[in-house]
Amino acid sequence: MPNKQRIEQSLKTRLADDATILKDFGTLLGFFTVASGVVSPAAALFAAGVVKAAGASISAGSKILGKLGAPQAVVPPSSIPEYERFGALFYVLCQRSFLEALAEPDALAALKQVPNRRLDEVEVGALRERLGNAVAKIDESEIRYHYGVDPWEGPQPLLEALGGWLHVAIAAYVPSYMCQNISNEVVKRARVNVRLSLSRKEPPFEWMREYLTLSIQEMTLDEIRALSVSHSEMVRSLMATMNGWTDWLDPTLARQNHWKKYKERLALLLDQKDSMYDEHFGVRKVFVPPRGSYHRASQSPDQPDEVDDLARLLGALVSRRVRNDDLIFVCGGPGSGKSTLCRFIASQLSLLPDLHPVFLKLRRCQEGEELATFLQDSLVREGVITSLADLQDVPNLVLVLDGFDELVMASKTKLRHVFSALLEDLSSGPLKSARVIISGRDTLFPLGKGLPRDSHVVNVLPFGPEQVTLWGEKWRLQHPDGPGGTFHPEALQGRASSAVADLLAWPLTLHLVARLHTESLLDVRDTNVSNVEKSYLYRGILHQTARRQREQARGDGRLAPEVMRSFLRGVAWFMYERGVDSLEVGDVLPLVGEILGRSDEGALNELAEVAVVNCPEIQKGEETGFEFVHKSFAEFLVAETIAADVEGVIHRVPGLTGGDEWRRELPAAVTTMFSRLSPRMLTAEVQDMLEPMVGVFYPFSAGTKVEDRVPKKVRVDGLARVVERLSELYVSFAARAVVGEFTGIRLAPSLSVREAEANYGAGLVLVAAAASRQLQSLDSSVRLDLEPYDGALFQWLFALHCGGVHVDETLGMRLYSGTSVGAETVAASRGSLGGPLQIGLLSMVSGMGQPLPESLDQLERRVLDVVTRLTLVARSLEGPSGGADRREKSSRRPDFGNVAHFCGHAAGRVADALQEFYGQLDAAGLTMRREAGEMFSHQFQENLESLGDGFESGHSDTQELLRSYCGAGPDELLEERIPLARRSLPQGRPRRNVRKKKSRK
C-alpha cells in the first residue's frame, strides 16, 4: 500500500520534467511540517496558523487531482503506471479530505474557548519535538484500499496517523478528553469527505471509483450482496470490471487461430461433466458464486476484508490496475470451490477477445518437473507457443494454475521455491507480461501467512444460508422427478448439528449430501439425521457406486465391487505415498497385474475404458494414467487402507494359556504400522476421514445408509483397543528411537530413515490421541498416556525433531489434545528443558496444566514494582497537602518535566519486562496468552503516558489520576506496597537500578 515516501519517489522518477506537480505535491504533504512550525504559546494563534497552512495545501491537492485525473491527462498515460497513478490520486484525496475537515470553522473552535493559558518556551519546544515525531509517523503510514471494497469501511492507517498528529498538536492547550473528541470528529468528517468525493461525477473521482471497481452511485451494498448470488450477475460484474483495463492487442500476434481454438475449449470448462461427480450436467447448472475475503500477504490481518463480489475483485486483480509481478492466491479448505472458481475465471476471461487465459491443473505436473517446463509443455501441445519465451509477446496473458497443494510432496519449503521461481519469471523472465492466479488449500499457509510478500490473497468462505438455499433450488431444477426434486438443504441446515451445518456450507460436501438424498441413501427431511460426519457421506457415495458396479460386473474388463475397491485403494495409496494426485500409465501397470494377473498396456486400457467408466470417483487423465475427480475421494480411500491395518493390529485371539492376546506380535505390528505411517506425516484431511472408522473399520464398512452408525458399545471397545495397542508401539518407539532395524521395509529414495521414523512416531500418537479424544466424548476414562515410563515423552519428542517434524500449534493440537502425562513430567516441565520443545503447546496435555505460572507471577510483581515506584515519587513530590498547595507555599516551582521523564522511564521498564515475557510466550507457543497480554500492555502504556502528561502540564489532581490507573489512591497503595517498594527501590540509588536493567538487556 502506498505511503508518502513511495508516492513521492514514484512522482520524482516518473514525472521528473513536471516541476509543477512535484511542487504542488510538496506543498500538500508539507502541511504538517509547516503547521508544526507555527506552534504558538497561545492556543488561538496556533489554530489560526493551522487553518492558514491548510488552505494552501488544499489548493495544491485540488490542482494535483485535476492534472492526474483529467480524461486527457496532462501527464501522458505511458509515463506512469495505472496503479501508481491511482496511489498518488487516492493519497492526495485522503490528505485533502482531512485538511478540509480540519479547516472547517468549528473544527478547532474549542481552542479559542480554553482559559488564557500560555505555554512557556520549554513547553513550546517540547510540543514541536512531539509534533515532529507525529509527522514521521504520517510519512510512514500507508493508505489501505481493496478492489470492490469501500476502503473506508474499516480502519485506515493514514487517517489514524493524521488524527494522532492532531491529538498531539492540541494536547498542550485543552484537556485530554477534549483532545480525543476534537480529533475523532475531524477524522470522522474526513471519512465523509472521501466518500462524497468518490461519488461525484467528475473525471478524477469517476476514474478512482472505476479503478476501485466501486459502485457507490449505482447500487447499495445490500443490492450488491443480492446480486452476488447470481451466476449471470457474476459474469456481468467480471466483464464490466475488465472493460477498458487490458493492454493493447497486437493484431499481428502469431498463432491467433490456435489461441482461438484453445479459448473455445476453456469457455466450456463449467459445462464439462467431469467437473461434477457422476452427473449428466456440468457445474454451471448449479454454480453459486462463493463468498470470499481479501488481503495482502504482507499484512496478514486476523480479520481480512470480506468481499461480496469475487468476480469484480479477481477481474481487477488480473487487469492493468495492479502490478503484474504480484501473485494472486485463491485459498480455501477441501471442497470449498477453489477449483470451480478458477474454472469460472478462465472460462469467462476466454470470452473476452483481447485476453489470453490459460488453465492448468498442477496435479498433472510430474515428480521432479519444474513448473516452467510443465507450463511450456502444456502450451506447446496446444499449439499456442513453440517455447516459453514466446509468452513475452502475448498480451493480457492470465495463467490460472489450480492446486498448488497437489504438487509432488508439497511442503512449505518446496512450495516457496515454486513461488520464488514464478515471481522471478514474472519480474524479468518469460512471464513478465502475465498475471498469475494460483489456487490451493490453505493448510500450509493459514490466512496467507508465509506466502510471498505483497501477494494478493483471496480466501474462499463457506456458503451462507442464502447461497445454500439457491444451490438447492438449482439442484431441484435438474431433478424434476424423484427424490432429487425434494432436496431442501436449508431445512436441514436450520436444525442440524454444527458438523452437518459445516458439510452443507461447502460446495463439495453439499453436493455429496444432495447426491445421497437423490439416491435415497440420506433423507434430509428425516428429523433423526444429525451429527453426520464426512466419512459417512463418502461411505454412502462409494456404496452407491458399488451397487451399480454389482449390476454391471459382467463382460471383459468389468470388476466386481470388492475388486474395484481394492484397485481404488491401491491407486489412492500409491498417490498418497508419493505425494502426487495423478499417476502415469506405467505406475498403474503393477496394480493392474496384481488385480487381473496381467501387466501389459492393453490390460490397463481395458480397465480404464471399461471398469473405471463405472467408477466416477476416478477418471482417465488427459496426459496421465488415473486421477480422482476430487482429492477427498483419495483421502477417504487412504483412510480406509490405514484403518484396515489398524484393525489387523488391534485384533485379539484366545491365548494358549487362557485369556486373549494380540493376534500379531510386536515386531509384526510395528512392521504393519510402519509401512502405513512412515511414508509421510499423516495429513489432517486423511485423519479427519480416518477418525470415524478407526478401531471399528468392519462395522463401519458394513453400513449402507448415512444414518447407519456404529453402536456406542462397539466403538468404545474398538477405540480402547486402539489406545492400548498403539501405546505399546509408542513405548517401543520411544525406548528404541530406531525402528528401521527390524521393519525390513524399503524406504522411498527421497526419504531418510530419520524422516520415516519421525513420521511413524508422530502417526502413532496422532491415531491414538484421536481415539483417546473420541473415548472421552463417549464418557470413557481411557486416555493415551504420553509418559508410560520416566522420560518417554521427551525421548519421543526429540526423535520427532531429529526427523524434521516441527510441532507447531496446529500439529500440537492434533498430537496432544486428549492425552495425559505423569506427575514427574509435570514437575520437570516447569524447569528449563531447552531443546526443540514448545512447552506451551503441552498445556493441552492432561496433567501439565499451565507451564508458565512462575513467569506470569513474575510479570505481575514487576508491574506492581513499577506502580509502587511511580506512586512513591508522586507522593514525595506532592507532599501531604497536594501539588496545588505546595506551589502556593513554595517559591520554587516543582520540576514537573523531571516527573514526566520518570514516567517515561517507568513506561520503558514496563515495555522491557513485557517484551522479555512475550519472548517466553512465543518460545512456548502460547499465542493466545500473548494476545491478552498485548491488550494489557497497551492499556498500561496509555495510563503511564496519561500520568506523565498530567505532570508535564502541571496537572495537580494526581490523586484522581492514580486512582483511575490502579483503582486506589497513593495512601492506599503505599499502605499495601511500602514493604515491596523498600525492597525493590533502595534509597538514593534509583538511577543505578535503571542503568543496571538496561545493561542486562
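# Report on a predicted model

In this predicted model, V398 stands opposite R435 in strand β6.

Strand β6 itself covers residues 434-441. Eight of its eight residues are buried, so the strand is largely enclosed by the rest of the structure. In a regular strand, side chains alternate between the two faces of the sheet.

**Helices α4 and α5**

The report now turns to a pair of helices. Helix α4 comprises residues 43-68, and helix α5 comprises residues 82-103. The two pack at an angle of about 150 degrees, and their axes lie 9 Å apart. Because angles over 145 degrees count as roughly antiparallel, α4 is roughly antiparallel to α5. The crossing of α4 past α5 is left-handed.

On the α4 side, the contact is made by V50, V51, A54, S57, I58, G61, S62, I64, L65 and L68. On the α5 side, the contributing residues are R85, A88, L89, V92, L93, R96, L99, E100, L102 and A103. Sorted by class, this contact of α4 with α5 contains 14 nonpolar, three polar and three charged residues.

Q795 belongs to helix α32, which extends over residues 792-802. The residue is partly exposed, with a relative accessible area of 35%. That value lies between the cut-offs of 20% for buried and 50% for exposed, which is why Q795 receives the intermediate label. Leaving aside residues up to four places away in sequence, Q795 touches A734, A735 and Y789. F733 is 62 residues from Q795 along the chain, and the C-alpha atoms of F733 and Q795 are separated by 9.0 Å.

**The chain as a whole**

The chain has 1001 residues, of which 53% count as buried. Its secondary structure includes 41 helices and 13 strands. Among contacts between residues at least 6 apart in sequence, 76% join residues at least 24 apart.

Note on methods:
Residues numbered from 1 in each chain as written. Predicted model: local features only at pLDDT ≥ 70, side-chain atom pairs only at ≥ 80, totals over all residues. Heavy atoms only, no water. Axes fitted to C-alpha atoms, helices over the stretch in contact; angles between N-to-C directions. Helix = DSSP H or I, 4+ residues; strand = E, 2+ residues; numbered from the N terminus. Parallel < 35°, antiparallel > 145°, perpendicular 65-115°, else oblique. Left-handed = near helix turned anticlockwise from the far one by under 90°. Contact = heavy atoms within 4.5 Å. Nonpolar A, V, L, I, M, F, W, Y, C, P; charged D, E, K, R; others polar. Buried < 20%, exposed > 50% of the residue type's maximum accessible area, 1.4 Å probe, protein only. Pairing = 2+ DSSP bridges.
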